Amino acid sequence: GATGGDVHINSVHTLPRNQDQMVVCNRTNTVVIMNMQGQIVRSFTSGKREGGDFIACTLSPRGEWIYCVGEDYILYCFSTMTGKLERTLNIHEKDVIGLTHHPHQNLLASYSEDGLLRIWKP
């Protein structure tokens, strides 16, 4: 289990256009881009103090967008270039288990404890 200040990492994704940096998603309201030295280059937040912790994250194939799903069942779409939250979307009614981006098309797939696999065009 977690102790002290431990944070559980949900996923790590290498940025396709800058492989010296990675996106780290953990169970907080912030996802970060870090360099290989562990320094935070940019951070993205749901803006919520409670109920907005991220549970899943994926990148667009070229790394232009970071998509995160919060425990609030909302999909957050961040621009890696500007750092801005560009869009939100309610995507499920029960806990989201995972999120992935199609490798060649502008499509996301999310799946949750409601037994649904949903396809989204962001």
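Is L117 buried or exposed in this structure? In the predicted model, L117 is exposed, at a relative accessible area of 58%, where exposed denotes over 50%, buried under 20% and partly exposed the range in between (1.4 Å probe, protein chains only). Local features were considered at pLDDT of at least 70 and side-chain atom pairs at pLDDT 80 or more, whereas totals for chains, interfaces and linings use all residues. Residues are numbered from 1 along each chain as its sequence is written, and side-chain values use heavy atoms, without hydrogens or water.

L117 lies in strand β11 (residues 117-120), strands being DSSP runs of E of at least two residues, numbered from the N terminus.

In contrast to L117, which is exposed, H92 is buried, with 5% relative accessibility, and is located in the loop that connects β8 (85-90) with β9 (96-101). Its side chain forms polar contacts (N or O atoms within 3.5 Å, one able to donate a hydrogen and the other to accept it; residues adjacent in sequence count only if both atoms are side-chain atoms) with the side chain of S110 at 2.8 Å and with that of S112 at 3.0 Å.

Methods. Helices (H or I, at least four residues) and strands (E, at least two) are DSSP runs, numbered from the N terminus.
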